[in-house]
Amino acid sequence: MSPSKAITIADVPDSPVPRSLAGPGLLAHVLVSKYADHLPLHRQEKMFERWGLHLSRSTLCGWVESCAGKLAIVVEAMAKDALNAHCIAIDATGVLVQAKEKCRRGHFWVLVADRDHVLFRFTPHHNQDGPKEFLRGYKGYVQADASNVYEQLFRTEGVTEVGCWAHCRRKFFEAMTSDRDRATVAIGFIRKLYAIDKATKELAPNRRTEQRRTDAEPVLVAFRAWLETEDLLVLPRSPIAGAIGYALNQWTALTRFLEDGRLRLDNNRSELELRREAVGRKNWLFVGSKDGAEWNATIVSLIASCALHGIEPWAYLRDVLILLPTWPPERVIELAPKSWKQTLENADARQRLAASPWPRAPDATPS
């Protein structure tokens, strides 16, 4: 064969997964399907078979493990940056962990740091060690329910507890069946607080702080007086007594929102984020191992943070998997969803993506 007719075989571009032909687009598809769309790997295996592509569940699992290991560096940078937040909301939900004889119990935690990051963590136990470790070194407001797992955290110097009026209101709703009149009065007081909060929502933080104090303090004074009076009249251990006791015991934390207009009345934002795990749990039932739970926490942190910042998760994960191998370690926070839109505008990131042998979808290309 003459030199002019020689065949040149191009080098196969390196995959984000060692010794694999899977490109970043396919890997991102598997991750988003599993952790955003809640499709377990055995369902994805069957889906690929219908498309004429045989990918075993073990292969898919290996891809998830490898990607989670690489993406963990971004999530850790997010966790470090989250310690600068003004307020962090935290909550937890249970999950089953597969074991030989009987599934064990574990817990997913979520931390929502201002409007910056959504972070998921996994612990084998639901105790005080988790929150204390997640927020080691943090100084600021922490919003949570009244669970005793936060006691050590709230004893930490520099951490200020913010209560949740939604939890307080829920207890009065639970008391409606046994003491409707008192529960209705309490819920009416709480409804006034939410109305004030909504009316001041668009104000600047300093102005909102002043206005909320002016409008909410008279309501709180009247509500506190009512609670103390009714506490002497209700039957001990009744649902309404429990609701009144909760409000009185948590009063300082519940009224913390008066200190700062940036503080929320409730912890609903972290509860809403936990629905990602709750909805997924109905499909995959349990996590295969502690490692699997850690992979879950890593990927869901990125997907949830993408939603927080209005970023399409498949395009984001695909591009981050392209950039990570050569990205400067000291600039990893630039790959977090919080910084992503700005990162895509920088010439450095644009050049790195343009130089990649992996073609990018049109909607993933910065304008």
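Predicted model: local features only at pLDDT ≥ 70, side-chain atom pairs only at ≥ 80, totals over all residues.
Trainee: What is the secondary structure of the protein?

Mentor: There are 15 helices and six strands. Both are DSSP runs, numbered from the N terminus: helices are H or I with at least four residues, strands are E with at least two. The C-alpha trace spans about 100 × 50 × 35 Å along its principal axes.

Trainee: How many disulfides does the structure hold, and how do you know that Cys61 is in none?

Mentor: It holds zero disulfides. The definition asks for a pair of cysteine sulfur atoms within 2.5 Å. The closest cysteine sulfur to that of Cys61 belongs to Cys67, 12 Å away, so the two are too far apart for a bond. Cys87 is in no disulfide either; its nearest cysteine sulfur, in Cys164, lies 11 Å away.

Trainee: What makes E1 and E2 a pair?

Mentor: Two strands pair if DSSP finds at least two bridges between them. Strand E1 (residues 87-97) and E2 are joined by ten, and they run antiparallel. Ile88 stands opposite Ala113 in E2. The two strands form a hairpin with six residues between them.

Trainee: How do you know that E2 also pairs with E3?

Mentor: Seven bridges link E2 to strand E3 (residues 117-123), again in the antiparallel sense. Val112 has Val118 as its bridge partner in E3, and Ala113 stands opposite His117. This hairpin has three residues between the strands, and Asp114 takes a positive phi near 50 degrees.

Trainee: Why is E2 called largely enclosed, and how covered is E3?

Mentor: In E2 (residues 104-113), eight of the ten residues are buried, so the rest of the structure largely encloses this strand. In E3, seven of seven residues are buried. Both faces of E3 are covered: one side has His117, Leu119, Arg121 and Thr123, the other Val118, Phe120 and Phe122.

Trainee: At what angle do H13 and H15 pack, and what is that called?

Mentor: Helix H13 (residues 313-323) and helix H15 (residues 347-355) pack at about 85 degrees, with axes 10 Å apart. That makes H13 roughly perpendicular to H15, because angles of 65 to 115 degrees count as such, under 35 as roughly parallel, over 145 as roughly antiparallel and the rest as oblique. The axes are lines fitted to C-alpha atoms, for helices over the stretch in contact, and angles run from 0 to 180 degrees between N-to-C directions.

Trainee: Which residues meet between H13 and H15?

Mentor: Contact means heavy atoms within 4.5 Å. Asp319, Ile322 and Leu323 in H13 meet Ala349, Arg352 and Leu353 in H15.

Trainee: What makes H13 largely enclosed?

Mentor: Ten of its eleven residues are buried, so the rest of the structure largely encloses H13. Among the buried ones are Pro313, Tyr316 and Arg318. The cover includes helix H1 (24-35), helix H3 (57-82) and H15.

Terms used. Residues numbered from 1 in each chain as written. Heavy atoms only, no water. Buried < 20%, exposed > 50% of the residue type's maximum accessible area, 1.4 Å probe, protein only.
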